[in-house]
Amino acid sequence: MRTLTYTSLYPNCIMPSRGVFVENRLRHLIDYTGIETRVVAPVPWFPFSKYSGAEYRQFGDVPLNEIRHNIPIMHPRYTHIPKIGMTLQPLSMALASLPILKNILREGYDFDLIDAHYFYPDGVAASLLGKWLGKPVVITARGTDLNLIPKYRIPKRLIKYAADRANGVITVCQALKNVLTEMGIEDEKITVLRNGVDLEIFRPPDDRMELRKKLGIDGTAILSVGYLIERKGHHIIIDALKYLQDVRLFIAGDGAEKEKLQKQVIENGLQQKVTFLGNVPHDMLRQYYGAADLLVLASSREGWANVLLESMACGTPVVATNIWGTPEVVACREAGVLVERNPEAIASGINKILTQYPDRKLTRKYAEKFSWDETSEGQWKVFSYAT
């Protein structure tokens, strides 16, 4: 089988962590089934770039073509004006991508289906491309595309259009499937395939105490991982520190709210208790997972948060906000606890874990149930049915 993976959420040489969960699922699918693929990962182009933020300007440095893990990737540019271009994004993305897909076909790569990730705008654009080229389309919903964007009237209608037209729909958790069925999408069309975790990359350290010494970690250490944006809730975890004794917080990630978070730390006199690690590559992130006593995730929205399973695979339990697909991940005491999204509740959850700390071997064993094989098998069945 030949597929065309279509998504704006895909890593590139400028933003190597962007959409890495899409790349991970794709790589495991290739290893499991032997399918061929090409990736088309559109990036936005801004006609008034001097008025756009630094995060947007990064896209200008993304190459038109690159190869990652032996997978060819193309990055067509589509016109997008921040804040006011939301309803036009799917059409703009599809029109910019159409010549690329036609060229791929002319060169002899006659793909069997379009494998799209993220419903809006990517899935809607993919549905247009599938219609224009006469190709079946499978769309995967991942989180914000269904737990936030359908609040807007026109995007919601376009999402329903894409879902109705799709030959198959995948969601990473049951909670996202429920959103689609409430829109009137046929239950039988939607398959829930949770993300997996790479159990070889993410594993307990051989010598945890030596690792902690190497990383300069002593005492109780909690870890928060994710983009430095409001939705990830790092600010709430910082506020929770005032209810905790002798706890250090390590924050891995970068983003628009970095300076705001650093100011919050200084204003609360927490410079000795909070360490900003910046962007941390997977190999080093594994070490911080293994060295920490807890991972804390205070997100307001998540489909299926990969960091939870990554931490558990390293033997470290989690404290996570009780939202969307997270209860499907944190489903037993060895995995961790679910809490409400406020500083007091998060501090209480941390204390609950620390006072009755689970066996780290059992936490790892729980994560071992989430290998990628079941997900890859499910994908193969969906793709086979769609074609």
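Modeller: Let's start with Thr-316, which counts as buried because its relative accessibility is 0%; buried means under 20% relative accessible area, exposed over 50% and partly exposed in between, with a 1.4 Å probe and protein chains only. This is a predicted model, where local features need pLDDT of at least 70, side-chain atom pairs count only at pLDDT 80 or more, and totals for chains, interfaces and linings use all residues. Residues are numbered from 1 along each chain as its sequence is written, and side-chain values use heavy atoms, with hydrogens and water left out.

Where does Thr-316 sit in the chain? Its place is the loop between α12 (306-313) and β15 (318-321). Helices (H or I, at least four residues) and strands (E, at least two) are DSSP runs, numbered from the N terminus.

Now for the surroundings. The side chain of Thr-316 makes a polar contact of 2.7 Å with that of Arg-360. A polar contact is a pair of N or O atoms within 3.5 Å; within protein, one must be able to donate a hydrogen and the other to accept it, and residues adjacent in sequence count only if both atoms are side-chain atoms. Setting aside neighbours within four places in sequence, Thr-316 is in contact (heavy atoms within 4.5 Å) with residues including Tyr-289, Asp-293, Leu-295, Ser-311 and Thr-363.

One of these, Leu-295, has Val-318 in β15 as its bridge partner. Strand β14 (residues 294-297) and β15 pair in the parallel sense over three bridges; two strands pair if DSSP finds at least two bridges between them. In general, strands of a sheet pair through backbone hydrogen bonds, either parallel or antiparallel.

Stepping back, there is an open sheet of six strands with parallel pairing, in the order β13-β12-β11-β14-β15-β16. Its edge strands, β13 (274-278) and β16 (336-339), each pair on one side only. Neighbouring strands here are turned by 20 degrees against each other on average, direction ignored. For such angles, axes are lines fitted to C-alpha atoms, for helices over the stretch in contact, and values run from 0 to 180 degrees between N-to-C directions.

Two helices complete the view. α12 lies across β11, β14 and β15, running at about 175 degrees to β14. Helix α11 (residues 282-291) lies across β11 (220-225), β12 (247-252), β13 and β14, at about 140 degrees to β11.
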